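Work through the exercises below with the structure open beside you. Try each task before you read its solution.

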Amino acid sequence: LFAGITVDPAFVVGPVRRRTFGSFVEHLGRCVYSGLHDPGHPTADADGFRGDVVDLVRELGVSAVRYPGGNFVSGYRWEDGVGARAQRPTRLDLAWHSTEPNTVGVDEFVRWARRAGVEPMMAVNLGTRGIQEALDLLEYCNVRGGTAWSDLRRANGAEEPHAIRMWCLGNEMDGPWQIGHKTAQEYGRLAAETARAMRQLQPDLELVACGSSGSGMPTFGEWERVVLGEAYDVVDLISAHAYYCEEDGDLASFLASALDMDQFIESVVATADAVRAARKATRRINLSFDEWNVWYVKRAESRPPTGDDWPIAPVLLEDRYNVADAVVVGSLLISLLRHTDRVHAASLAQLVNVIAPIMTEPGGRSWRQTTFHPFALTARHAAGEVLRIVVDAPVHDTARFGEVPAVDAVATYEPDTGGLVLFAVNRSTTEPVGLTVDLRGFPRLRIVEAVTLANPDHTWSATADDATTVLPRPNTSAAQDEDGVRVELPPVSWTMLRLD
Ligand code: AHR
């Protein structure tokens with residue numbers, strides 16, 4: 001098979017936003033406890049946070065991290081997690097049928113975030129709680145001092161405000177599984193009033209209203225319309241969540257998951273813009289795609305405990321990702337970048353152990369899953385502006401999406417340095433694709449790096465014992481002549497091409 005791509009510096013979609021490379025830490029399974037936090041680990045700091053995990057988070061290139069949930073936040077009392085550890089209550093976490101020791105709370109998380117070099121992004125509980133508790137948490141985090149909550153923060157050791165800019169107004173409130181689940185009307189009113197009050201305390205916050213927890217939700221579309229009908233003037237972003245997996249051995253449809261993400265984003269944009277038009281507003285509402293990933297929801301490890309079993313940090317949602325999963329993660333990043341004009345933030349859900357690129361053994365080793373690599377390389381090298389490119393590729397049939405082009409791609413370009421980076425996937429399950437990149441607009445650029453993630457066995461996954469047999473490797477087929485660049489993309493592969 002052969003495909004062609006034309007790249008032109010004139011066709012700019014918008015800036016590469018660092019917040020596209022966000023992630024998510026929830027009090028869920030072993031994400032926090034025995035993931036980020038493991039006081040017995042040889043690399044643990046004074047708070048108990050693992051240094052090896054911090055190093056991997058830095059290498060992953062994560063920008064902002066959403067915290068503390070997820071479904072967890074809808075039953076969470078943030079006050080339980082501050083102050084002297086010995087006095088912090090132990091609670092039942094109803095969302096994940098677990099016991100929450102409250103050893104880690106907002107102060108520890110913010111210290112961890114500073115150490116990891118990431119921006120903390122906070123979610124408030126609009127499930128069992130409301131405006132007052134959101135205001136209390138905001139005052140605790142962001143007011144310098146001289147008030148009850150801010151002085152408590154200082155007494156707890158944080159002299160400087162946490163200065164958190166981005167706040168999520170609840171989590172997945174459209175989902176019947178959510179504690180305190182609401183209709184769009186109920187949630188829209190609560191989100192609007194919470195946002196209004198929070199802005200009275202701090203006008204320059206960036207506030208995210210809950211959108212749909214999936215494009216397959218029966219209320220999708222109508223939910224966004226009603227929520228934004230209530231909250232348009234007081235929020236900045238609306239969230240979207242999407243998880244994908246290979247179902248019934250249908251690899252071709254799975255590899256094309258980005259088509260669903262494209263359509264999801266474009267539908268939310270259309271709805272937000274329709275509300276804008278009806279209100280005669282000028283400001284646009286953009287998207288925070290603050291949960292996305294591959295997640296094998298139906299696997300046994302995804303089921304929370306039941307009955308009298310309320311464990312602390314159980315093994316939950318610990319997906320082992322294979323090479324095909326990594327190709328899909330790379331292609332979902334291509335979709336997010338392609339929509340950088342309207343997707344202003346995104347969070348890979350989650351960061352450690354729970355549907356995560358980073359895995360840990362309690363007290364022991366940590367390693368990179370296959371999905372780590374396309375994320376880390378995209379986060380490190382995507383820079384400057386996202387370019388709209390034209391892809392001319394052969395199509396193949398899929399059960400879920402009909403005809404799908406074998407190749408999907410996006411490019412970023414830094415006008416100052418002249419660096420061009422192309423990210424491409426071959427979604428064919430069987431055929432290599434010979435790709436030609438027409439570089440008419442960039443006569444002086446030369447290839448500096450071509451790497452591909454692929455494996456004859458696309459079901460290979462990393463383990464603690466072997467996390468390196470399959471890594472992105474130099475793609476030696478990449479060559480350049482006066483017509484542009486040629487490179488061979490193996491079936492089920494993700495490729496990065498850098499030119500300077
Ligand atoms: O990321 C795992 C869970 O998925 C989150 O808690 C929830 O928001 C979503 O349904």
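Predicted model: local features only at pLDDT ≥ 70, side-chain atom pairs only at ≥ 80, totals over all residues.

**Exercise 1. The largest nonpolar core**

Task: Find which residues of the largest nonpolar core touch the most other members, and explain where this core lies.

Solution: 
- Step 1. Take the core as a whole. It has 159 residues. Leu 169 and Ala 191 touch the most other members.
- Step 2. Look for the main contributor. Helix 9 (residues 323-338) gives the largest share, eleven residues.
- Step 3. Locate the core. It lies between domain 1 (3-8 + 387-499) and domain 2 (18-381), because both give residues to it.
- Step 4. Recall the general pattern. Nonpolar side chains tend to be buried together in soluble globular proteins.
- Step 5. Zoom in on Leu 169. Leaving out residues up to four places away in sequence, its contacts include Val 124, Leu 126, Ala 191 and Leu 207.

**Exercise 2. Strand 7 and its partners**

Task: Which strands are joined to strand 7 by bridges, and in what direction do they run?

Solution: 
- Step 1. Check the cover. Strand 7 (residues 119-124) has five of its six residues buried.
- Step 2. Take one partner. Strand 4 (residues 64-67) runs parallel to strand 7, and four bridges join them. Here Arg 66 has Met 121 of strand 7 as its bridge partner.
- Step 3. Take another partner. Strand 8 (residues 166-169) also runs parallel to strand 7, with three bridges. Here Val 124 pairs with Leu 169 of strand 8.
- Step 4. Link back to the core. Leu 169 is one of the two residues that touch the most other core members.

**Exercise 3. Backbone angles**

Task: Where are the residues Pro 68, Gly 70, Glu 172 and Ile 355 found?

Solution: 
- Step 1. Read omega. The bond from Tyr 67 to Pro 68 is cis, with omega near 0°. The bond joining Gly 69 and Gly 70 is cis too, with omega about 15°.
- Step 2. Pro 68 is in the loop between strand 4 and strand 5 (91-93). Gly 70 is in the loop between strand 4 and strand 5.
- Step 3. Turn to Glu 172. Its phi is positive, near 40°, though it is not a glycine. It sits in the loop between strand 8 and helix 5 (184-201).
- Step 4. Turn to Ile 355. Its phi is also positive, about 35°. Its loop runs between strand 12 (343-349) and strand 13 (358-360). Ile 355 is buried, with 28 other C-beta atoms within 10 Å.

**Exercise 4. Around the ligand**

Task: How many nonpolar, polar and charged residues does the shell around the ligand have?

Solution: 
- Step 1. Name some members. Among them are Gly 69, Gly 70, Glu 172 and Glu 291.
- Step 2. Sort by class. The shell has two nonpolar, six polar and three charged residues.

Methods:
Residues numbered from 1 in each chain as written. Near = placed C-beta within 6 Å. Nonpolar A, V, L, I, M, F, W, Y, C, P; charged D, E, K, R; others polar. Core = buried A, V, L, I, M, F, W, Y, C linked by C-beta atoms within 7 Å. Buried ≥ 20, exposed ≤ 12 C-beta atoms within 10 Å, placed from the backbone. Helix = DSSP H or I, 4+ residues; strand = E, 2+ residues; numbered from the N terminus. Domains from an automatic or database assignment. Contact = placed C-beta atoms within 7 Å. Pairing = 2+ DSSP bridges.
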